[in-house]
Each structure stands twice: as structure tokens, then as C-alpha cells.
Amino acid sequence: PHFVQGNIFYDLNLDCQNQLDEPSFDKYLVSIQSSSDIFYTNSDLHGNYRMNLPAGEFNISIGLNEYWTSCQTSQTVTLNTTTDTAVVDFALQPLFNCPLLDVSISTPFLRLCFDGYYTVNYCNNGTIPAENATVQVTLADELSYLNATAPLLSQNGQVLTFDIGTVGVNECGNFRLDFSMLCDSSLFGQTLCTEAHIFPDELCGDDPFNGPIIQANVNCNGDSVAFNIKNIGGDMGQPYEYIVIEDNII
């Protein structure tokens, strides 16, 4: 019967207080850590989060990129009585006035001789809207473009550029891209690589981030999985923790 709850919001007037007209942040990861366990949850569409917990002392924090800071970087609460509910809000303030876009692309399956589709998802994790944003998709050579739900600006061979307009702060969107696949039995069991890139993609700020930038990827080799972790940025000042979550069929 113990709870931790709170709200994550954009502190527009920089007073560290939640005003009615200040927008909220959804999909933010909240970490709740005790001496022996760590729990995760996400903020909802209204910036609210809530988690049921056992009794004990907990440190609550959120994940921030290099363009944001918070009035409360982390907070510690103690839950003892049976009706304890701790309220921990996070007021986010911008460090730089920059957009920060990311994009991903996925498909449920690729079937020989059948049409298919990709879903392209994108978000602006920066501090100002990204104007005139575009997504560039490079289709695998074995696929042919049919149509999409986003306006096609140009096509150069397998490289397609789509207009997604202005992407607001903490705004996400998606579009669907339909394709046809070669009817070639030699492709059976093969991996076809399609990539997406989003623009604008420049990093900005008076004091550009020069810390570690960690990339993780995975390779399957028979019944084994190899995880590769690489630092493509500056030196790490402290150890990092990585979590591997197994699919329920493993």
C-alpha cells in the first residue's frame, strides 16, 4: 500500500513550481532505487507517474539528455506506514535552445512475393521545436517503394526523403511506408537492411556535450547472443549499468 507519484513538467518561468499553464512531459523514464532493488516506470500523457512499492527508503530520479536539467536531480523518500504516499515532482529547465530529434524504423515481417510496410517513429527530445524537419529512408535494394502517409519530397534511387513539418518539444509522430518485395527464393532467411535518418541533426549549444556517448548493439550467432558496447564520445567519468531484458520466449 505504499506509493510514489509525481509529475514531470516544463518549468517555463524557471521558478521550480508547477503552474497550470506549464506543459507536461510524457514517456519520461523514472528510476526508483532502494538499497537492494530498482524499479522503472514512465510518465503518462499528462506527465504523471505512479508506482506501488514495498516499505523502505528510495531514491527517485529521471533520465535527462544533455539539453535539459531539473530543479530536482534526484530525491530520497522513506515509506513506512501503511498509507504512505510520497509526491516527487520534476521541474525541467532547458540548458540550450536546440531541437534534438531521434528516429526509428521497424517492420513486423518481410515476406517473399508480398507487399509490406515499415513504421517510422520520431520524437523531438530537445528544448525548442524542430522546424522543416525531414526523414530520409534508405530502402534495402530488394524492396520497391509504393507509397507513404507522409509527403514524399524526393526519391533518389532507394533514398526517400519525407516532410514531417515542425516537431514540437516532447512531441512524437509516425508515418507508414509501404513497399513491395522481390519474389526471389534466394532471399529466404536473409536480413534486409533499411535505415532511417532524421534532420535537422546538428548538435548545438554554447558548451557542446563532450562526455561519453555509448552505443550498444547485439548480434545473434546460433544459440548465442553477443552484446557489443562502444564509447564513441569522451571518457567515462563513472561506471555505467546496462540492463538486458529477455523476451518471454527465451
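How many bridges join β10 to strand β11? In this predicted model, in which local features need pLDDT of at least 70, side-chain atom pairs count only at pLDDT 80 or more and totals for chains, interfaces and linings use all residues, six bridges join β10 to strand β11 (residues 115-124), and the two run antiparallel. Residues are numbered from 1 along each chain as its sequence is written, and side-chain values use heavy atoms, with hydrogens and water left out.

Strands here are DSSP runs (E, at least two residues) numbered from the N terminus, and two of them pair if DSSP finds at least two bridges between them.

Four bridges join β14 to the antiparallel strand β15 (residues 159-167), with Ser154 opposite Thr161 of β15.

The largest pocket holds about 1500 Å³ of space. A pocket is an open set of points on a 1 Å grid over the protein atoms alone, where a 1.4 Å probe fits, with protein on both sides within 12 Å along at least five of seven lines, and its lining residues have an atom within 4 Å of a point. Of the 32 lining residues, Gly63, Leu64, Asn65, Glu66 and Tyr240 are the closest to the centre, while β2 (29-33), β5 (56-62), β10 (101-106) and β18 (214-221) are the elements that give two or more residues to the lining.

Several loop residues have backbone features of note. Phe199 and Pro200 are joined by a cis peptide bond with omega of about 5°, and Pro200 is placed in the loop between β17 and β18. Positive phi in a residue other than glycine is found at Cys16, near 65°, in the loop between β1 (2-10) and β2, and at Asn170, about 60°, in the loop between β15 and β16. Cys16 counts as partly exposed because its relative accessibility is 30%, whereas Asn170, at 14%, counts as buried (buried means under 20% relative accessible area, exposed over 50% and partly exposed in between, with a 1.4 Å probe and protein chains only).

Key: Grid points are joined across faces, edges and corners, and a volume is the space filled by probe spheres set on the points.
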